[in-house]
Amino acid sequence: MAKISYYTEEGLNKLKNELNDMKTKGRTEIARQIAEARDKGDLSENAEYDAAKDAQGMHEMKIAKLEEILSNARVIDESSIDNSQVSVLSKVKIKNRKNGMEVTYTLVSEEEADLKAGKISVGSPIGKGLLGKKVGETTEIKVPAGMMEFEVLDISRFSE
């Protein structure tokens, strides 16, 4: 059974564009590399040709994986998100109870996670620990550095 993944409209379009680039520019570039290597003579001892063919195989495997992800992708209707508790696409402001530091994260699918952009995966330890929590609740989350305690300060929609 294939795994259904949920995306924002933006995240799904990004995946579609990546797939299109791989099918057009990526395939063209690899075909050029294979042709160049083939022109260098004897294919039985041509390491460049072997490397280009291997790259082609890997590229096609990535395309197939991306096509599978897209076939099981669903866009999340942001208007149906319940802001009374943390869920996928919630923008949640939390406070580290130990040091008082406040951060805001948006919970997204694993494929859309980007810590620099403040997007964490719902499958990450912090993401899992926050799911279902309401404003004012605290949660202890086991992270690689040990146990951390967070308080949920605010929950809003991703687009707010």
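# Briefing: helices, strands and salt bridges

D50 has its place in helix α2. The model is a predicted one. In it, D50 counts as partly exposed, because its relative accessibility is 39%. The C-alpha atoms of D50 and I34 are 8.6 Å apart, although 16 residues separate the two along the chain.

**Helix α2**

- Helix α2 covers residues 47–71, which makes 25 residues.
- Its length can be checked: at 1.5 Å a residue the helix should span 36 Å, and its end C-alpha atoms are 36 Å apart, so the two values agree.
- N46 caps the N-terminal end of α2. A side-chain oxygen of N46 lies 3.1 Å from the backbone nitrogen of E48.
- Which residues of α2 are buried? They are Y49, A52, H59, I63, L66, I69 and L70.
- These buried residues pack against three elements: β1 (5–7), α1 (9–38) and β2 (73–75).

**The annotated N-terminal domain**

- UniProt lists residues 6–75 as "domain: Transcription elongation factor GreA/GreB N-terminal", in an unreviewed entry.
- Over residues 6–75, the chain is 79% helix and 7% strand.
- The end C-alpha atoms of this stretch are 6 Å apart.

**Salt bridges**

- How many salt bridges does the structure hold? There are eight.
- Side chains of opposite charge can pair when their charged atoms come close.
- R27 counts as partly exposed because its relative accessibility is 34%. E60 is also partly exposed, at 32% relative accessibility.
- R32 and E29 meet in another salt bridge, 2.4 Å from N to O. Both residues lie in helix α1, three residues apart, which is about one turn of the helix.
- R32 has a relative accessible area of 38%, so R32 is partly exposed. E29 is partly exposed too, at 33%.
- E48 forms a salt bridge with K40, and the closest N and O atoms are 2.9 Å apart. Salt bridges that share partners also join E29, R32 and E36 into one network.
- Is K40 buried or exposed? K40 counts as exposed, because its relative accessibility is 51% and the cut-off for exposed is over 50%.
- E48, its partner, is partly exposed, with a relative accessible area of 42%.

- Strand β3 runs over residues 90–96. One face is covered: S90, V92, I94 and N96.
- β3 pairs with strand β7 (residues 146–157) in the antiparallel sense, over seven bridges. Here K91 has S156 of β7 as its bridge partner.
- β3 also pairs with strand β4 (residues 102–108) in the antiparallel sense, over five bridges. V92 stands opposite Y105 in β4.
- β3 and β4 form a hairpin, with five residues between the strands. In the turn, G100 has a positive phi of about 75°.

**Two buried loop residues**

- L89 lies in the loop between β2 and β3. L89 counts as buried because its relative accessibility is 1%, and the cut-off for buried is under 20%.
- Most residues other than glycine have a negative phi.
- S109 lies in the loop between β4 and β5 (119–121). S109 is buried as well, because its relative accessibility is 8%.
- Leaving aside residues up to four places away in sequence, S109 touches Y6, Y7 and S121.

Notes. Residues numbered from 1 in each chain as written. Predicted model: local features only at pLDDT ≥ 70, side-chain atom pairs only at ≥ 80, totals over all residues. Heavy atoms only, no water. Buried < 20%, exposed > 50% of the residue type's maximum accessible area, 1.4 Å probe, protein only. Helix = DSSP H or I, 4+ residues; strand = E, 2+ residues; numbered from the N terminus. Pairing = 2+ DSSP bridges. Expected span 1.5 Å × (residues − 1). Contact = heavy atoms within 4.5 Å. Polar contact = N/O pair within 3.5 Å; in protein donor to acceptor, adjacent residues only side chain to side chain. UniProt positions renumbered as here; feature names shortened; annotations may be inferred. Salt bridge = Lys/Arg side-chain N within 4 Å of Asp/Glu carboxyl O.
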